[in-house]
Amino acid sequence: MINMDCPLEEKNFETIQLAHGGGGRMSQKLIERLFYPEFSNPYLNQQHDGAVIPIVEGEIAYTTDSYVVNPIFFNGGDIGDLAINGTVNDLTCCGAVPKFLTSAFIIEEGFAVSDLKRIVASMQKAAQKAEVCIVTGDTKVVDKGKCDKIFINTSGIGIIPKGIKIHPSMIKKGDAVIITGAIAEHGITILSERGNINFESDLKSDTASLNKMIQYLLKEIPQVHLMRDPTRGGISSTLNEIAEAASLKILLEEEAIPVKESVLAACDLLGLDPLYVANEGVMSIFLPKNKTERALEILHYFEEGKNASLIGYVLDSNCVPQVIVRNKFGTMRVVEMLSGEQLPRIC
């Protein structure tokens with residue numbers, strides 16, 4: 001009798017093989033032994049070709065993003081929790097309560113299984129903290145050299161509560177601009193670790209899910225007009241995007257923008273402007289000026305918002321889009337959207 005079983009299928013591999021992405025027994029074993037146990041929840045455990053989730057009344061928010069950060073492990077996080085936090089925050093910026101995520105992995109042949117386990121565990125920890133479920137996903141393996149270690153795509157669905165309207169068109173002249181934390185930490189951390197630069201400081205990525213903090217803020221202040229997480233391109237590019245979308249002139253007070261001394265020193269050394277450096281755990285918020293004090297009280301209550309600050313105002317609307325920064329001497333300069341890529345593979 002001929003034995004048609006694959007002699008390799010029960011082997012405990014230390015690295016990912018092409019067969020792990022082939023859709024056969026090794027693919028199934030990887031899913032059953034790694035992904036299902038770690039991500040287990042009632043929706044994923046249905047083991048359908050997709051996720052069957054309950055219908056909700058009202059509006060939903062839907063987003064997708066891909067993560068290709070290099071290095072994949074860094075001080076403060078890794079590509080796994082970065083993918084979860086980034087997608088949760090994108091939904092949160094829409095005013096939604098994040099509920100369901102999908103996750104797809106593109107893995108290079110030869111990638112260490114131990115590193116994959118570490119990433120998956122990190123994703124589940126981040127998902128649990130954000131109170132979201134990873135409900136379906138996919139795994140593909142490509143030839144060695146065809147991708148750099150691992151790429152992750154995540155999509156997410158969230159529910160927008162009644163009465164919440166987050167959109168650039170809602171911004172009004174006189175609105176306050178708040179940033180929820182110190183800027184440029186993620187980008188400088190990635191740069192320092194990628195280049196093996198020792199700044200002798202406490203540089204650490206700020207990657208975090210902000211949904212719980214923002215949900216409380218919106219419950220107390222539903223009049224928030226817009227939120228945006230300033231990832232690639234930093235707060236300068238993000239605020240320029242907003243200014244262009246709503247025809248606004250925005251004034252920022254440079255002295256009010258929170259930047260840690262270690263980050264500022266690293267930026268000075270490298271010739272970078274922190275306004276253009278990526279963030280992964282802060283959010284810019286536009287809201288009526290008379291709600292500023294209460295908003296800051298709420299944000300300061302949370303660890304992720306302890307450095308929240310009022311950094312500027314909307315000077316005018318229905319005008320030529322512009323973002324202006326005023327320094328401590330009263331001198332003003334126009335900051336434009338980032339031209340080119342200051343730091344590639346940042347998220």
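View 1. Tyr43 is partly exposed at 24% relative accessibility, where buried means under 20% relative accessible area, exposed over 50% and partly exposed in between (1.4 Å probe, protein chains only). Phe100, at a relative accessible area of 11%, is buried. The model is predicted: local features need pLDDT of at least 70 and side-chain atom pairs pLDDT 80 or more, whereas totals for chains, interfaces and linings use all residues. Residues are numbered from 1 along each chain as its sequence is written, and side-chain values use heavy atoms, with hydrogens and water left out.

**View 2. Aromatic pairs.** Rings of Phe, Tyr and Trp (its six-membered ring) pair if their centres lie within 6.5 Å; planes under 30 degrees apart count as stacked, over 60 as edge-to-face and the rest as tilted. This rule gives five aromatic pairs. Phe35 and Phe105 make a tilted pair, with 4.9 Å centre to centre and 40° between the planes. Phe35 belongs to helix α1 (residues 25–39) and Phe105 to strand β4 (residues 97–108), 70 residues apart; helices (H or I, at least four residues) and strands (E, at least two) are DSSP runs, numbered from the N terminus. Both Phe35 and Phe105 are buried. Tyr43 and Phe100 are paired edge-to-face, at 5.1 Å centre to centre and 80° between the planes. Tyr43 is in the loop between α1 and β1 (60–67) and Phe100 in strand β4, so this pair ties together parts 57 residues apart in sequence. One aromatic cluster consists of Phe35, Phe39 and Phe105.

**View 3. Charges over rings.** A charge sits over a ring if NZ of Lys or CZ of Arg is within 6 Å of the ring centre and within 35 degrees of the ring normal. Arg118 lies over the face of Phe73, 3.8 Å from the ring centre. Over the ring of Tyr313 sits the charged end of Lys289, 5.2 Å from the centre.

**View 4. Thr292 in helix α8.** Helix α8 (residues 292–301) contains Thr292, which counts as buried at 8% relative accessibility. Its side chain reaches the backbone oxygen of Lys289 at 2.7 Å. Apart from neighbours within four places in sequence, Thr292 is in contact (heavy atoms within 4.5 Å) with Ala176, Ile178 and Leu310.

**View 5. Lys204 in a loop.** Lys204 is found in the loop between α4 (185–194) and α5 (211–220) and is partly exposed, with a relative accessible area of 46%. Not counting residues up to four places away in sequence, Lys204 touches Asn75, Gly76, Glu185 and Thr189. The C-alpha atoms of Lys204 and Ile188 are separated by 8.4 Å, the residues being 16 apart along the chain.

Technical notes: Polar contact = N/O pair within 3.5 Å; in protein donor to acceptor, adjacent residues only side chain to side chain.
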